[in-house]
Amino acid sequence: MVSLVVPAQPDTLGWVEVPTIARRTSWTGGKVQERLRRLNLITTVPPLALVGVLLLLLTARSWWHVVLQVVGLVAALATAERWTAGDYLRVARPSLAVTAVVSLAGSLTDDTAAFFSLSVVGSYLIPPLPRHRLAALAGLTVLIAALGAANVLVHDDRIGWRLFQFVAVPAVAMLVSTGFMFVSQRFFDLIAELEQSREREADLAVTRERVRFASDLHDIQGHTLHVVKLKVALAEKLLDREPERAREELREVHDLVGETIVRTKELAYAQRRLNLSAELENAKNLFEAAGIHVRVTRESEVDATASELLGQVLRETTTNILRHAEARQVGITLTRRGITIVNDGAPETGPLELGGLAVLRQRLAEHGAELEVSHAGGRFRTAAAFPAPKEARR
């Protein structure tokens with residue numbers, strides 16, 4: 001349950017303990033919160049005003065009764081209005097004192113409805129208390145009954161009936177109104193929880209998107225930088241022996257950097273799509289430039305729906321092989337809905353799963369695919385596969 005009270009050291013208001021700061025979950029910001037506040041105003045203030053006016057018309061027998069009930073009703077409505085805004089304690093506490101005086105004066109002047117405002121204000125104070133709610137409710141009930149019992153001190157006729165009117169009825173009204181407030185507060189607690197859950201989901205979605213963007217940016221630029229490093233190193237070796245080939249390698253570096261700039265822009269505008277065939281050709285060229293023999297086996301054409309994610313697996317695995325292995329041979333096998341990359345030269349010690357592959361595993365799982373990584377005998381195997389469509393399994 002969402003706490004409607006900011007934890008604080010409570011102070012004492014007469015016989016009832018109330019928190020120094022009491023603020024319900026605030027609903028005063030944003031369109032949803034404003035609609036909730038208006039709904040609260042409509043469902044709370046008009047019914048209270050209507051009941052108060054009806055009691056005034058039915059029970060007031062003198063101008064003094066009218067004054068008492070109007071003052072009490074104004075205090076109760078002010079508390080209710082502030083409650084809908086989530087900031088009402090500064091109004092409720094003085095209103096409690098005012099309505100207690102109204103109730104006492106009504107008992108002494110034989111006003112049977114003067115207790116109404118006290119029961120309303122008291123019912124707003126009890127539910128937000130962090131603890132001792134039942135004790136506070138019992139205290140308020142005893143107070144309102146004691147104030148009503150003052151009636152028999154100045155009127156000694158029909159004692160039983162007067163105790164019923166000024167003690168029993170106000171006490172029951174106090175309990176009933178507080179019960180309604182507990183239900184109402186619980187309802188709006190749930191609304192506040194739903195709103196907070198929605199905000200947390202939005203924040204989580206933003207975080208996930210940032211992680212995805214960071215991963216894609218790593219795929220693009222991390223891969224490119226490793227290619228550039230290898231090609232520049234190769235061009236440096238060829239500069240004296242084969243200057244034309246060295247210039248060709250440098251031209252490829254220039255083109256690769258330009259392509260990376262374009263891909264980065266596409267990523268920024270959520271337009272990037274990997275092409276598995278292009279990634280396969282790029283991986284072959286990169287491995288061959290590093291002196292690694294590549295064998296590609298195509299068992300069938302890759303399904304278009306799986307091509308992009310399989311391209312990401314190939315790109316990440318290629319980068320990992322160049323970074324972490326001393327490979328001499330790499331085998332790439334393509335099936336309709338899967339890819340397997342096996343390389344030698346894997347270190348005998350070290351982590352089995354690399355960070356980029358762990359992120360890819362989560363991304364593939366979101367699309368129903370599986371990523372398997374194994375390491376044995378100096379060989380590292382990475383395999384990704386999508387499940388066959390339901391139509392194909394029938």
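In the predicted model, the axes of helix 2 (residues 63-85) and helix 3 (residues 89-108) come within 9 Å and cross at roughly 155°; here helices (H or I, at least four residues) and strands (E, at least two) are DSSP runs numbered from the N terminus, and axes are lines fitted to C-alpha atoms, for helices over the stretch in contact, with angles running from 0 to 180 degrees between N-to-C directions. Helix 2 and helix 3 are therefore roughly antiparallel to each other, on a scale in which angles under 35 degrees count as roughly parallel, over 145 as roughly antiparallel, 65 to 115 as roughly perpendicular and the rest as oblique. Their crossing is left-handed, a term applied if the near helix is turned anticlockwise from the far one by less than a right angle, with right-handed used if clockwise. On the side of helix 2, the contact is made by Leu68, Val71, Gly72, Ala75, Ala78, Thr79 and Arg82, and on the side of helix 3 by Arg90, Val91, Ala92, Ser95, Val98, Thr99, Val102, Ala105 and Gly106, contact meaning heavy atoms within 4.5 Å. By class, the contact of helix 2 with helix 3 comprises 9 nonpolar, 5 polar and 2 charged residues, where Ala, Val, Leu, Ile, Met, Phe, Trp, Tyr, Cys and Pro count as nonpolar, Asp, Glu, Lys and Arg as charged, and the others, Gly among them, as polar.

Residues are numbered from 1 along each chain as its sequence is written. Because this is a predicted model, local features need pLDDT of at least 70 and side-chain atom pairs count only at pLDDT 80 or more, whereas totals for chains, interfaces and linings use all residues, and side-chain values use heavy atoms, with hydrogens and water left out.

Leaving aside neighbours within four places in sequence, Ser103 is in contact with Ala114, Phe115, Leu118 and Leu147. The C-alpha atom of Tyr124 is 7.3 Å from that of Thr178, although the two residues are 54 residues apart along the chain.

An open sheet of 5 strands has the order 3-4-5-7-6, with mixed pairing, two strands being taken to pair if DSSP finds at least two bridges between them. Strand 3 (293-298) and strand 6 (370-376) are the edge strands, each pairing on one side only, and the twist averages 10° from one strand to the next. Strand 5 (residues 338-343) and strand 7 (residues 379-385) run antiparallel and are joined by 6 bridges; Val342 stands opposite Arg381 in strand 7, and Thr340 stands opposite Ala383 in that strand. Strand 4 and strand 5 also run antiparallel, with 6 bridges between them, and a hairpin joins strand 4 to strand 5 through 2 residues. Within this pair, Val330 stands opposite Asn343 in strand 5.

Helix 9 passes helix 10 in a left-handed crossing. In this contact, Leu276, Glu279, Leu280, Ala283, Leu286 and Phe287 of helix 9 meet Ser307, Leu310, Gly311, Leu314, Arg315, Thr318, Ile321 and Leu322 of helix 10, and the residues of the contact divide into 9 nonpolar, 3 polar and 2 charged.
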